[in-house]
Amino acid sequence: MKKRILLIGPTGCGKTTLAHALDGTDRPLRRTQDIIYGPKTIDTPGAYVENTWMYSHLIATAQNASHILILVDQSRHLEVYSPGFASSFTKPVVGVITKTDLALENENYGVQVLKRTGITEPFFRISLPVGRGIGELKRYLFG
Ligand SMILES: Nc1nc2c(ncn2[C@@H]2O[C@H](COP(=O)(O)OP(=O)(O)O)[C@@H](O)[C@H]2O)c(=O)[nH]1
Ligand SMILES: [Mg+2]
């Protein structure tokens with residue numbers, strides 16, 4: 001199976017919006033009960049990260065991925081990841097801070113969460129309405 005970009009994050013953090021931007025389409029290739037395979041992405045349900053007992057689903061799905069994106073929503077103080085969560089994966093893990101057009105006072109919050117999760121920089125700061133950071137992230141992931 002072709003390797004895709006796996007997106008992880010709580011419900012509402014912007015996974016599906018980012019998956020569509022990376023895919024360049026909102027038409028998925030395949031939709032299982034929980035997981036949506038796009039041309040270049042794997043979009044996972046927020047429940048997988050909101051319940052630690054479902055982490056095993058993410059780790060299994062990561063077998064089909066080239067990279068793992070862990071998303072933090074700048075607009076909400078909602079820390080869902082266990083400390084060191086990123087080290088569960090054997091693929092490169094990339095930290096993405098979403099909705100950087102909102103809650104500008106939280107500018108450092110996302111960086112702190114990603115570091116506690118065990119991810120190293122560079123972190124990508126993106127905003128879909130403003131169109132910030134998407135090109136940079138695509139170049140990093142797809143060359
Ligand atoms: N302001 C803002 N809203 C965003 C951004 N990205 C996504 N959203 C909105 O956040 C909501 C949840 O996004 P969605 O992609 O469905 O999140 P998911 O549950 O993680 O798949 C939607 O209303 C999106 O339009 C962003 O960069 N900035
Ligand atoms: Mg979604």
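**Close-up 1. Backbone contacts to ligand 1 in a predicted model.** In this predicted model, a polar backbone atom of Cys-13 lies 3.3 Å from an oxygen atom of ligand 1. For Gly-12, the distance from a polar backbone atom to an oxygen atom of the ligand is 2.7 Å, while for Leu-128 a backbone N or O atom is found 2.8 Å from an oxygen atom of ligand 1. The ligand, taken alone, exposes 580 Å², and the protein buries 67% of that area.

**Close-up 2. The shell of residues around ligand 1.** There are 14 residues around ligand 1, and those that come nearest are Gly-12, Lys-15, Thr-16, Thr-17 and Asp-101. Sorted by class, this shell is made up of six polar, five nonpolar and three charged residues.

**Close-up 3. Helix H1 and the elements it packs against.** Helix H1 covers residues 15-23, and its buried residues are Lys-15, Leu-18, Ala-19, Ala-21, Leu-22 and Asp-23. These buried residues pack against strands S1, S4 (41-43), S5 and S6, and also against helix H5 (134-142). Just after H1 comes Gly-24, which takes a positive phi of about 75°.

**Close-up 4. The largest nonpolar core.** This core has 27 residues, of which Ile-8, Val-49, Ile-68, Ile-70, Tyr-81, Phe-85 and Phe-89 touch the most other members. Two or more residues each are given by strand S1 (4-8), helix H2 (47-50), helix H3 (55-61), strand S5 (65-73), strand S6 (93-98) and helix H4 (109-116). The element that gives the most is S5, with four residues. Apart from this core lies another, of 16 residues, which includes Leu-69, Leu-71, Val-94 and Leu-141.

**Close-up 5. The surroundings of Ile-8.** When neighbours within four places in sequence are left aside, the residues in contact with Ile-8 include Val-49, Ile-68, Ile-70, Tyr-81, Phe-85 and Phe-89, which are also listed among the core residues that touch the most other members. Further contacts of Ile-8 include Lys-15, Thr-44, Leu-58, Leu-69 and Leu-71.

**Close-up 6. Leu-102 in the loop between S6 and H4.** Leu-102 has its place in the loop that runs between S6 and H4. Leu-102 counts as partly exposed because its relative accessibility is 38%, a value between the 20% limit for buried residues and the 50% limit for exposed ones. Beyond its neighbours within four places in sequence, Leu-102 is in contact with Gln-74 and Ser-75. Leu-69 is 33 residues away from Leu-102 along the chain, and the C-alpha atoms of the two are separated by 20 Å.

Key. Residues are numbered from 1 along each chain as its sequence is written. Chains are lettered from A and ligands numbered from 1 in the order in which they are written. This is a predicted model: local features need pLDDT of at least 70, side-chain atom pairs count only at pLDDT 80 or more; totals for chains, interfaces and linings use all residues. Side-chain values use heavy atoms; hydrogens and water are left out. A nonpolar core is a set of buried Ala, Val, Leu, Ile, Met, Phe, Trp, Tyr and Cys residues joined through side-chain atoms within 4.5 Å. Buried means under 20% relative accessible area, exposed over 50%, partly exposed in between (1.4 Å probe, protein chains only). Contact means heavy atoms within 4.5 Å. A residue is near a molecule or strand if one of its heavy atoms lies within 4 Å of it. A polar contact is a pair of N or O atoms within 3.5 Å; within protein, one must be able to donate a hydrogen and the other to accept it, and residues adjacent in sequence count only if both atoms are side-chain atoms. Accessible areas come from the Shrake-Rupley method with a 1.4 Å probe; for residues, only the protein chains shown count as cover. Ala, Val, Leu, Ile, Met, Phe, Trp, Tyr, Cys and Pro count as nonpolar, Asp, Glu, Lys and Arg as charged, and the others, Gly among them, as polar.
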